[in-house]
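Hello,

Here is the structure I promised to pass on. Have a look at it first, and then read on for what turned up.

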Amino acid sequence: MKVSLEGKKVILVPYMKEHVEKYHEWMQDPALLEATASEPLTLDEEYDMQLSWTQDPFKQTFIILDKELVVGEFVHGDPHVEAMVGDVNIYMNDLDDAEMAEIEIMIAETKSRGKGLGKESVLMMMAFAVENFGIHLFRAKIGDSNRASISLFQKLGFEKTSHSEIFQEVSQIEFFWQDCLSFVHSCYVSIQKCNLENRLDFNAEREEAREEDILG
């Protein structure tokens, strides 16, 4: 879904091929690899990953732009690489619960940490998922060493439900409240290039893929 979401501090834009080189630079940092439980990839593998993410009906990925770093006027469809500071993702791949999504956040640029960008990005993504995909249950899996993310999700009301000593992950689950329209609309200033036709096409594609997985 080619959508941009604008909040007070951030703009969430689709993950484009123009973002890949800088994203690849981020993922050379051992600390980010550990925090995100990621494996290092080559640049070519990173381009392949970007393409697979944009084509996967069970994933929604946004690159986070720091509005203070956007040069000139924001234009939907432009990558604005100069302002990219991280990403936020949801994975809708639980075959037993179509209303559950796993959410994750990364603010890679140190200059943009501590400004509330992560919190706003997570809330915007959650609101977008509720409104467009019917998600009402969110889960986050966070490594023990990622104290900043653990603190962020706990402040947002996520509750720790399990702790895996083997994988050193904290699994957190929180039910999303039902009457959330006012919350949804207050989370971002505008949605650009998002319409009902896009939403229905995306949901139909996701349901078709889910049926294929169930049938084997």
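Strand β3, residues 59–66, is mostly covered, with 7 of its 8 residues buried (buried means under 20% relative accessible area, exposed over 50%, partly exposed in between, with a 1.4 Å probe and protein chains only). Helices (H or I, at least four residues) and strands (E, at least two) are DSSP runs, numbered from the N terminus.

Before going further, please keep in mind that this is a predicted model: local features need pLDDT of at least 70, side-chain atom pairs count only at pLDDT 80 or more, and totals for chains, interfaces and linings use all residues. Residues are numbered from 1 along each chain as its sequence is written, and side-chain values use heavy atoms, leaving out hydrogens and water.

On one side, β3 runs antiparallel to β2, joined by 5 bridges; two strands pair if DSSP finds at least two bridges between them. Here Ile-11 stands opposite Leu-65 in β3. The pairing of β3 with β4 is also antiparallel, over 7 bridges, and Ile-64 stands opposite Gly-86 in β4.

**Aromatic rings**

Rings of Phe, Tyr and Trp (its six-membered ring) pair if their centres lie within 6.5 Å; planes under 30 degrees apart count as stacked, over 60 as edge-to-face and the rest as tilted. By this rule there are 6 aromatic pairs. One of them, Tyr-15 with Trp-53, is edge-to-face, at 6.3 Å centre to centre and 65° between the planes. It links distant parts of the chain, 38 residues apart: Tyr-15 is in the loop between β2 (10–14) and α1 (20–26), and Trp-53 is in helix α3. Tyr-15 and Trp-53 are both buried.

Tyr-23 and Trp-26 make a tilted pair, 5.8 Å centre to centre with 55° between the planes. They are separated by about one helical turn because they sit 3 residues apart in helix α1. Tyr-23 and Trp-26 are buried as well. Tyr-15, Tyr-23, Trp-26 and Trp-53 form one aromatic cluster.

**The largest pocket**

A pocket is an open set of points on a 1 Å grid over the protein atoms alone, where a 1.4 Å probe fits, with protein on both sides within 12 Å along at least five of seven lines; lining residues have an atom within 4 Å of a point. The largest one has a volume of about 1200 Å³, a volume being the space filled by probe spheres set on the points. Of its 46 lining residues, the closest to the centre are Ala-35, Thr-36, Ile-105, Met-106 and Asn-146. β5 gives the largest share of the lining, 6 residues.

Enjoy exploring!
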